[in-house]
Amino acid sequence: MNMSKVIFGFFVLLALTLNFGFFLGEIDNPAHHNVYELFAALIVGLIATIMKLGERSQMSAMLLASSLVVDLHLLAAVIVWVLSVHVLEVGLTPAVMASIVSLSGGALLANLLSVVLLTMETAGFSR
Amino acid sequence: MAMRRSTALLFFRRMRIPLIVLISAYSIATIGFTLMPGVDDDGNPWRMSVFDAFYVVSYTGSTIGFGEVPYEFTKAQRLWTMVSIYLTVIAWLFSIGSIISLMQDPAFAQAMRGARFRRAVRNYDQPFYLLCGFGDTGRLLATTLSELRHPVVVIDDTPAKIEALSVETFRAPVHGFCMDATLPENLLMAGLQNRWCMGVLAATADDRVNLKIAVTARLLNQRSAVYARADEASVADNMRSFDTAHVVNPAEEFVHRLRLLLTRPHFYRLYQWLRSSPDGDIPDVPQPPKGRWVLCGFGRFGQAVYRMLRELEVEVTVIEENAAIEGLPEGTIAGRGTQAETLKAAGIEDAVGILATTRDDVDNLSILITARELNEDLFCAAVANRWSSGPLFHAAMPHFVGQPGELIAGTIISHIRSPLLSHLFRRLEEVDDEVAAELLERIAPNPDQAQQPEFFTVRLSKKRAPALHWLQKNGFDIEVSLFQRHPTRPGVQVPVEVLMLSRGDDDRLLPDGATRLESGDRLLVACPPALAGRMRGLVESEAAAYQALTGRELHRSWLLNKLIPGAPAPGGQDS
């Protein structure tokens with residue numbers, strides 16, 4: 001067992017689960033979507049991106065790309081949140097919440113792809 | 001591919017942990033602030049949002065410190081502020097320290113330089129030369145090539161030399177990189193297979209290295225010419241055996257010039273002039289004396305000089321310190337030529353010339369000075385081993401001085417300027433010295449302020465001289481005098497000289513102006529640098545060639561009309 005692989009896999013998987021946790025619930029209901037969960041998903045996503053930097057294999061290029069997509073989506077979601085709550089002060093209206101959650105939904109897809117790719121790579125490696 | 005990305009990879013691999021530490025510290029500090037209980041201005045319980053918390057952490061972590069916003073902090077929040085200050089500041093110090101130590105890491109700096117070097121070499125879009133070795137010879141070659149506006153890529157395995165290179169100024173880009181030239185991959189990195197790589201110059205001081213470079217270049221790039229230095233005759237022969245464009249053995253070159261000086265004074269002047277740096281002067285007509293010579297030093301140079309003098313049946317007395325050298329001639333005086341007694345023992349008083357060829361420049365100078373004091377009419381010749389002793393030798397004013405670096409660089413550069421020059425010199429060996437005198441008179445009517453001419457190798461073929469080929473195809477006779485004709489004033493001659501006409505194996509020196517040129521002929525043309533552009537135009541532009549030949553301007557449409565029914569009338573040219 002390779003410890004660095006465990007840590008790597010841990011972060012990639014955690015990014016997916018946190019993202020999923022935030023995404024789950026009614027799309028326009030603020031009570032179903034916790035701000036801490038979004039924050040954690042973004043932080044773990046960033047860490048996963050950094051872990052993927054500097055990897056050499058062909059698969060890692062795709063992993064890095066999907067990770068960057070995750071970061072982009074989650075950052076966009078966070079910006080929408082900050083703008084609507086703190087800058088424009090319209091609050092978490094159903095429309096705002098829906099756009100935040102749908103952005104995180106995009107990130108969820110990319111995170112899913114990351115995990116699938118990682119699994120494929122691991123499976124290919126053990127063969 | 002992996003090589004190319006190594007710098008970015010190295011950077012990200014080393015920065016992974018510092019970046020993760022930074023992100024973790026920030027997120028912990030942010031979350032902590034949102035959890036700490038606070039109160040607003042009215043005393044109501046209040047907690048920071050994630051946004052407010054990140055704002056506070058951002059200015060705290062970067063040590064800006066706006067104070068306690070939006071409301072004054074409670075004790076709990078202040079407690080957490082302290083925690084987050086230490087956390088983020090330490091994280092910053094750690095990651096900035098990592099970046100700085102990475103920048104200073106020799107391996108990383110080397111990788112960065114390598115990447116820059118590869119980028120520079122890849123982006124060349126004009127003919128450049130690849131120079132291996134940056135000693136005396138290499139420096140002269142790089143300077144002269146850059147004067148000729150050729151970029152040069154220099155590789156040498158001594159870091160100090162490459163550093164010295166980076167602070168010098170050149171007229172064309174010169175990129176240096178410190179690496180081992182014997183490894184083929186390094187030569188490839190330096191652009192050996194680049195389509196603009198015109199030639200590889202192996203100018204290190206080590207024969208084995210030069211040989212390896214020559215072989216590598218020959219095998220990996222057939223199109224580029226290889227010029228190499230070889231001190232040992234056996235290595236030189238080895239290099240010539242696999243089609244190295246030009247091999248220079250400094251001792252042979254020294255002896256060759258000395259022989260010309262002794263036997264063919266005018267050829268010597270021409271040779272010495274055209275085979276030195278482009279700003280060199282024409283030497284005066286040498287007046288070598290007849291009689292016995294004293295030769296100090298029986299090393300590589302001394303032995304070659306001795307053989308040559310014996311071939312010319314000149315009497316030589318050798319002075320050599322080391323009696324163990326094989327092949328020392330009989331009657332050799334043991335000792336150093338720097339001492340008056342030794343020189344007297346060799347009969348310096350009734351000798352006509354002194355040759356200082358030891359490996360030590362100070363000894364050589366001392367020999368010249370001491371010998372001249374004993375006999376002031378001596379003809380003095382010396383080897384200046386190091387280029388840096390040049391000014392000393394210049395001040396000592398020997399009649400002939402050879403510096404290996406200059407000999408090698410001058411010979412290689414003249415070969416690069418025109419490969420036909422070697423044919424010219426070979427042909428001049430076979431004819432009277434008068435021809436050399438006439439040739440020199442033609443290209444340098446005023447020897448005191450002569451400027452080296454620009455050389456052109458014109459080959460009459462469709463590819464190399466399209467304009468001349470076109471004229472020939474249309475039935476015009478091209479004569480050697482075409483090159484001397486003024487484009488607009490008929491009858492006026494421009495100072496362009498056709499030095500040699502090569503047809504097959506026949507090299508004709510100074511061909512007559514009325515000689516008709518045939519397809520496949522090669523011409524060595526010398527012209528003043530100011531006329532170089534015109535010469536090029538004559539060879540490449542149909543209009544220019546037509547005008548020079550007939551004195552009329554070429555009207556494309558008129559000519560086309562004339563051409564289509566039949567060939568243009570060669571008889572219609574103006575005189």
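**Figure 1. Domain assignment of chain B in the predicted model.** The domain assignment of chain B gives four entries, namely domain 1 (2–103), domain 2 (126–248), domain 3 (287–398) and domain 4 (453–563). The model shown here and in the other views is predicted. Between the C-alpha centres of domain 2 and domain 4 of chain B there is a separation of 35 Å.

Figure 2. Chain A contains four helices and zero strands, and its pattern along the sequence reads α-α-α-α. The C-alpha trace of chain A spans about 55 × 25 × 20 Å along its principal axes, and 33% of the 127 residues of chain A count as buried. Among the contacts in chain A with a separation of 6 or more, 69% are made by residues 24 or more positions apart. Towards the partner chain, 12 residues of chain A are in contact with 11 residues of chain B. Helix H2 (35–52) and helix H3 (58–87) of chain A are the elements that give two or more residues to this side, and the largest share, seven residues, comes from H2(A). By residue class, the side of chain A that touches chain B divides into nine nonpolar residues, two polar and one charged.

**Figure 3. The open sheet of strands S3 to S8 in chain B.** Six strands of chain B form an open sheet in the order S5-S4-S3-S6-S7-S8, with parallel pairing. Strand S5 (174–178) and strand S8 (246–248) of chain B stand at the edges with a single partner strand each, so one side of each has no neighbour in the sheet. On average, and with direction ignored, neighbouring strands of this sheet are turned by 15 degrees against each other. Within the sheet, strand S3 (residues 128–132) and strand S6 (residues 197–202) of chain B run parallel and are joined by five bridges, and the bridge partner of Leu131(B) in S6(B) is Leu201(B).

**Figure 4. Helices H5 and H6 of chain B on the sheet.** H5(B) lies across S3, S4, S5, S6 and strand S7 (225–229) of chain B, and runs at about 170 degrees to S4(B). Helix H6 (residues 159–167) of chain B also packs on the sheet, where it touches S4 and S5 of chain B, and the direction of H6(B) makes about 160 degrees with that of S5(B).

**Figure 5. Strand S9 of chain B between its two parallel partners.** In a regular strand, side chains alternate between the two faces of the sheet. In strand S9 (residues 293–296) of chain B, Trp293(B) and Leu295(B) point one way whereas Val294(B) and Cys296(B) point the other way, and all are buried. Four bridges join S9(B) to strand S10 (residues 316–320) of chain B, and the two run parallel; in this pairing Leu295(B) stands opposite Val318(B). Together with helix H12 (residues 300–311) of chain B, S9(B) and S10(B) make a right-handed β-α-β unit. S9(B) is likewise joined by four bridges to strand S12 (residues 353–356) of chain B, again in parallel, and here the bridge partner of Cys296(B) is Ala356(B).

**Figure 6. Helix H11 of chain B and the helices around it.** Nine of the 10 residues of helix H11 (residues 265–274) of chain B are buried, so H11(B) is largely enclosed by the rest of the structure. The buried residues of H11(B) are His266(B), Phe267(B), Tyr268(B), Arg269(B), Leu270(B), Tyr271(B), Gln272(B), Trp273(B) and Leu274(B). They pack against helix H10 (250–263), helix H16 (404–417), helix H17 (420–430) and helix H18 (433–443) of chain B.

**Figure 7. Two loop residues of chain B with positive phi.** Most residues other than glycine have a negative phi. Arg149(B), which is not a glycine, has a positive phi near 65 degrees, and is found in the loop between helix H5 (136–147) and strand S4 (152–156) of chain B. Arg149(B) has 10 other C-beta atoms within 10 Å and is exposed. Leu510(B), also not a glycine, has a positive phi of about 40 degrees, and lies in the loop between strand S17 (506–509) and strand S18 (522–527) of chain B. With 15 C-beta neighbours inside 10 Å, Leu510(B) counts as partly exposed.

Notes
Residues numbered from 1 in each chain as written. Chains lettered and ligands numbered in written order. Predicted model: local features only at pLDDT ≥ 70, side-chain atom pairs only at ≥ 80, totals over all residues. Buried ≥ 20, exposed ≤ 12 C-beta atoms within 10 Å, placed from the backbone. Contact = placed C-beta atoms within 7 Å. Nonpolar A, V, L, I, M, F, W, Y, C, P; charged D, E, K, R; others polar. Domains from an automatic or database assignment. Pairing = 2+ DSSP bridges. Right-handed = clockwise from strand over helix to strand, strands pointing away. Axes fitted to C-alpha atoms, helices over the stretch in contact; angles between N-to-C directions.
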